[in-house]
Structure formats: structure tokens, C-alpha cells
Amino acid sequence: MTVPTDPASAVPADPAVPSVSAVPSVSVVPADSVVSVFDGLVRAEPPTASPVLFDTACVLGGSVAGLLAARVLAGHARRVIVVERDEVSTEGAPRRGVPQDQQVHTLLPAGLSWIERWLPGFSDDVRERGATLIGLDRAATLLDGHPQAPSGAGLEVLGIGRPLLEARVRAAVMALPQVSHLHARATGLRYRDGAVDGVRVDEAGTERILDADFVVDATGRGGRLAEWVGRDGYDEPPLERLRTPINYATALFERRTRTADLDVGLALSIFSPRYDAGGVSVAAVNAIEDDQWIVMLMGYGDDRPGRTIDEFRAACAKLPPLFTEATSGALTRDIVTYHQAESRRRTFTGLRRFPARLVGVGDAVASFNPVYGQGMSSATLHASCLSAYLTGKPDLSAAATEFFALQQIVVDAAWAVSAGGDAARLDAETGAEVPEEVRRQRWAMGQLTAATLLDGDIARAFNDVSFMLRHPATLADPALLERAVAVNEAARD
């Protein structure tokens with residue numbers, strides 16, 4: 001989502017020689033049915049009648065993805081056990097199994113609306129604990145210092161610390177009578193007639209097997225599901241990796257202004273490779289609970305901005321005014337850094353031999369650069385896929401191919417936004433040669449990105465994709481591209 005400093009200069013004179021922008025790329029326009037399926041997953045309501053399919057379902061991992069899967073399974077199983085190796089609470093504390101949980105997290109509109117439908121009252125609950133609902137009229141997105149055009153009201157994002165968000169989702173899910181928690185570590189699976197029928201767990205040094213009629217792997221990017229099934233004679237889902245050497249530095253500061261009095265409660269400032277921002281590629285600031293600002297600086301490659309508080313404040317002083325305001329308050333938590341070397345995803349479609357009654361969700365399937373905000377909303381849509389699969393009269397004696405096909409639509413959409421953007425940025429920084437088709441795709445996305453600074457309707461279409469409300473294929477609409485080119489040409493003239 002970056003453009004050159006001068007919006008008009010984002011329009012290449014010769015379309016055959018497109019500029020390279022770090023924006024989501026769409027390789028193929030999916031069939032209308034794919035876009036419709038994605039729309040349906042985003043808007044899914046809890047089913048009015050859920051068939052009870054299992055005696056016991058087991059979710060491995062108590063992250064946001066695992067908890068939302070447990071919420072779906074609560075309508076289809078008499079008992080749902082969430083196996084989590086970390087100590088957890090319902091009030092909110094950092095968790096060792098989520099190394100990025102002290103960085104900036106924003107729940108996008110798609111994820112927020114899904115959680116509110118499936119866990120009614122969630123928004124009020126977290127707001128009572130200080131989280132902030134920020135409408136787009138109080139949110140600022142800047143590309144190389146240029147503000148995005150107003151894109152209309154009606155959408156809100158949730159400013160909240162990840163530990164509090166996860167804790168309150170956990171509280172809501174664990175309040176369901178069917179759901180229970182087991183403090184243990186999953187170590188493997190047991191099978192019967194080609195289907196999973198148990199989970200091996202290590203509980204305080206004692207190993208045992210939990211009987212399970214359906215298993216969801218939500219153990220995150222470090223999970224070992226592929227190793228387990230491969231060891232047991234099944235196909236390992238192939239792993240795709242994209243180098244994304246990102247470095248985060250995040251700090252918390254005292255916020256003197258009440259949430260209701262904030263003119264701007266959230267800002268995202270993004271810089272293209274050619275823009276000199278002192279090693280900062282992306283900066284974000286959110287108003288969150290406990291009257292705090294959470295401020296993040298991100299650099300690519302060797303850039304590690306803001307490792308000391310003096311460096312942090314100096315870097316923020318060169319950013320939009322909200323960053324200076326936010327960092328002027330007292331430091332309420334020391335700077336926490338985070339490094340991620342790559343984005344990755346596993347492909348479960350097309351496997352010839354895979355256990356029945358076994359699926360994966362969340363980072364166990366695909367994990368991205370967190371700056372794009374896709375992770376938690378992707379988790380909600382994975383849960384939506386699970387609901388659609390379980391209410392669709394599945395053949396539980398065979399691998400969950402229908403689920404994997406739905407999930408692939410979600411994974412592809414998030415990958416196009418996050419990994420596509422990272423790939424374009426790295427190619428631009430290294431001067432890498434890319435195929436002509438990719439060059440044209442990036443030229444088109446550069447046109448759209450530049451036009452978001454000038455045209456509110458284009459900004460809304462672009463943001464709908466960034467917020468995971470619409471599929472990226474909607475940006476490949478020829479009429480939208482023609483409008484963007486016209487807007488950019490008019491600005492250049």
C-alpha cells in the first residue's frame with residue numbers, strides 16, 4: 001500500500017513500463033462465484049439450527065483462531081476441549097506462545113463484525129475495559145506523507161491490545177457450556193479407519209490420549225501438524241515461504257486525551273522504498289485501553305528503527321503530528337521488539353491422502369506480515385469456513401476437501417494483500433526483474449493506490465479489500481482501473 005512521494009508521479013507515462021509499488025497483486029480474476037463465496041463468508045451468521053455431529057471435538061491451541069473455531073464447534077459437538085500449553089487468563093496478559101502479541105494489533109471491520117455476530121456483546125465488553133472503536137472519520141492513512149481521500153463513514157476498527165482482545169474472546173467462548181480448557185501440550189494424533197480419533201497430549205509430564213471425533217489444529221506458525229501426518233504416512237501439506245525480513249519496535253505511552261475527545265484515534269503512515277523516512281517503512285499509532293497510546297515503528301531488512309526511547313521519539317518527531325503527541329506522554333511499557341523473517345502458508349487442497357476429521361486454522365495454515373492486519377480477521381473467516389463446512393452435510397469419513405477449498409479462497413485473498421505487498425516492496429528495493437505479467441499487475445495496482453489519495457470511491461474500494469470485506473479480485477474491475485487512470489492523469493495535468 002505505498003506510492004511515491006508525489007501522487008501524480010505514480011502514473012507512468014508508458015503503461016508498458018509500469019512502476020513497482022508495494023501493493024496487493026491479483027494474478028487472476030477469480031470467477032464471480034469465488035467473490036460471492038468470499039462475500040458470504042464475511043457476512044456469515046451463526047446457523048439457526050446446527051446439526052450435532054460429534055461427541056467430542058478438540059482444538060489444539062487457544063489463540064484467537066483456536067477460540068473462534070471452538071465457538072463454531074460448540075454448535076456441532078456435545079463437548080469441545082481447547083488444549084493450550086500456555087497459562088491463560090480471561091483478563092489479559094502477554095502469552096509466550098504469541099511472540100507478536102505486544103505489538104500493534106487492530107481488529108479490522110470484517111473480523112470485528114464477525115466476532116460481534118458470533119459472540120454478541122463482545123464490542124461493549126472490550127469498550128467497557130477501555131478499548132476504542134474508531135470510525136474511519138477519526139482514522140488517518142498516509143502514503144509517503146499524503147493523506148488518503150475520505151472514503152465515507154460507516155466502518156469502524158477496534159483499537160485494543162492483543163492480550164486483552166484474546167482474553168475477552170476466551171472469556172466469551174469459555175462461558176459456553178460445551179467448551180472447556182485443558183492446560184497441556186499436544187504431541188501427536190491417533191487414527192482409526194483413515195480418520196483422526198484422538199490427540200496425544202502431555203499434561204504436566206504425564207502423557208495420555210484424548211478421544212476426539214474432530215480435531216482443529218490452531219497451534220500457530222510453529223505447529224507440527226505437517227510433521228505429524230507425514231510421520232504417520234499421510235501427505236504433508238506443502239509449505240510456501242516468502243522472505244519478509246521485518247523488524248518491529250513498539251512502545252506504550254500515557255494518553256492524556258479521553259477517547260471521546262480524540263480528533264484522530266488511529267493513524268497508519270506508510271513509506272515507499274524511494275522515500276527517505278529514516279529507516280521507517282511503516283508506522284502505526286492506536287488509542288487503546290488504560291488511556292494509552294500504542295505506537296509501532298517497522299523497518300525492513302537491516303533497518304531497525306526505534307530501539308531506544310530517544311531513537312523512538314526522534315523517529316516519531318519526523319512523522320505526522322499524532323505520533324509526536326502520542327510519544328510525548330510518559331512511557332508506560334518499555335520498547336518491545338519483534339523480528340519475522342518470512343511469511344508462510346501451507347496448501348491443503350489437492351492432497352491425495354490426508355486424514356478425515358482434521359483441519360487447520362489461523363497461523364497454522366498461513367501467517368503474514370502483521371502490519372497488514374490480516375491475521376485476526378483471517379482467523380474469523382477460517383472459522384466461517386468451518387461453519388459452512390459443518391452445516392453443509394459433510395462426508396466425515398473423508399478428508400475435509402470442501403473446507404480446504406473454502407479456506408483457500410480466504411488464504412489467497414490475505415496472501416494477495418500482505419505477501420503480494422511485501423514481494424513488490426522487496427523487488428523494488430533490490431531491483432529484481434519480474435515477469436511482464438507481474439509488472440503489469442503492479443502497474444495497475446500502483447494506479448489504484450495513487451488514486452486512493454484523490455478519489456474517495458476508489459479509496460473505499462481499496463480499503464474494503466484491505467479490511468477483508470471484499471475479495472482482492474474486485475480491484476481488477478476494468479471500470480475501476482479506468483477511473484483510477486483518469487483521476488491520476490487529471491492530477492498530473
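Buried here means under 20% relative accessible area. Keep that cut-off at hand for this tour of a predicted model.

**Stop 1: helix α12**

Select residues 456–466, which make up helix α12. Colour G456, I458, A459, F462, N463, D464, V465 and S466: these are the buried residues of the helix. They amount to eight of its 11 residues, so α12 is mostly covered, given that buried means under 20% relative accessible area. Now show the surroundings. The cover over these buried residues includes α9, α10, α11 and α13.

**Stop 2: α11 against α13**

Two of those covering helices also pack on each other. Select α11 (residues 436–451) and α13 (residues 478–492). Their axes lie 8 Å apart, and the packing angle is about 60 degrees. The pair is therefore oblique. Look at the handedness too: α11 passes α13 in a left-handed crossing. For the contact itself, show side chains on both helices. α11 supplies W443, A444, Q447, L448, A450 and A451. α13 supplies L480, L481, A484, V485, V487 and N488.

**Stop 3: the eight-stranded sheet**

Move to the open sheet. Trace its eight strands in the order β6-β5-β14-β15-β16-β13-β17-β19. The pairing is mixed. Go to the edges, where β6 (146–147) and β19 (366–367) stand. Each has a single partner strand, so one side of each is left without a neighbour in the sheet.

Next, pick helix α10 (residues 401–430), which packs on the sheet. α10 touches β13, β16 (292–300), β17 (331–346) and β19. Its direction makes about 85 degrees with that of β13.

Now zoom in on one strand pair. Strand β5 (residues 139–143) runs parallel to strand β14 (residues 266–270), and five bridges join them. Click A139: L266 of β14 stands opposite.

**Stop 4: T244, inside the sheet**

Select T244 in strand β13 (residues 239–254). Is T244 buried or exposed? Its relative accessibility is 0%, so T244 counts as buried. Show what surrounds it. Beyond residues up to four places away in sequence, T244 touches Q340, A341, E342, S343, D422 and L426.

**Stop 5**

Pick I309 in helix α7 (residues 309–316). With a relative accessible area of 24%, I309 is partly exposed. Its contacts, leaving aside neighbours within four places in sequence, are F253, L331 and I335. Draw a distance from I309 to A484. The C-alpha atoms are 41 Å apart, and the two residues are 175 apart in sequence.

**Stop 6: helix α5**

Select residues 162–174, helix α5. Check its length: at 1.5 Å a residue, the 13 residues should span 18 Å, and the end C-alpha atoms are 18 Å apart, which agrees. Then check burial. Of the 13 residues, 11 are buried, so α5 is largely enclosed by the rest of the structure. Among the buried residues are R162, E166, R168 and R170, along with L164, L165 and V173. The buried residues of α5 pack against α2 (64–73), β3 (106–107), α4 (122–128), β7 (156–159), β8 (179–183) and α9 (374–390).

**Stop 7: strand β1**

Finish with residues 54–60, strand β1. Six of its seven residues are buried, so the rest of the structure largely encloses β1. Which residue of β2 is the bridge partner of L60? Select V83.

Notes: Residues are numbered from 1 along each chain as its sequence is written. This is a predicted model: local features need pLDDT of at least 70, side-chain atom pairs count only at pLDDT 80 or more; totals for chains, interfaces and linings use all residues. Side-chain values use heavy atoms; hydrogens and water are left out. Helices (H or I, at least four residues) and strands (E, at least two) are DSSP runs, numbered from the N terminus. Buried means under 20% relative accessible area, exposed over 50%, partly exposed in between (1.4 Å probe, protein chains only). Contact means heavy atoms within 4.5 Å. The expected span of a helix is 1.5 Å times one less than its number of residues. Two strands pair if DSSP finds at least two bridges between them. Axes are lines fitted to C-alpha atoms, for helices over the stretch in contact, and angles run from 0 to 180 degrees between N-to-C directions. Angles under 35 degrees count as roughly parallel, over 145 as roughly antiparallel, 65 to 115 as roughly perpendicular and the rest as oblique. A crossing is left-handed if the near helix is turned anticlockwise from the far one by less than a right angle, and right-handed if clockwise.
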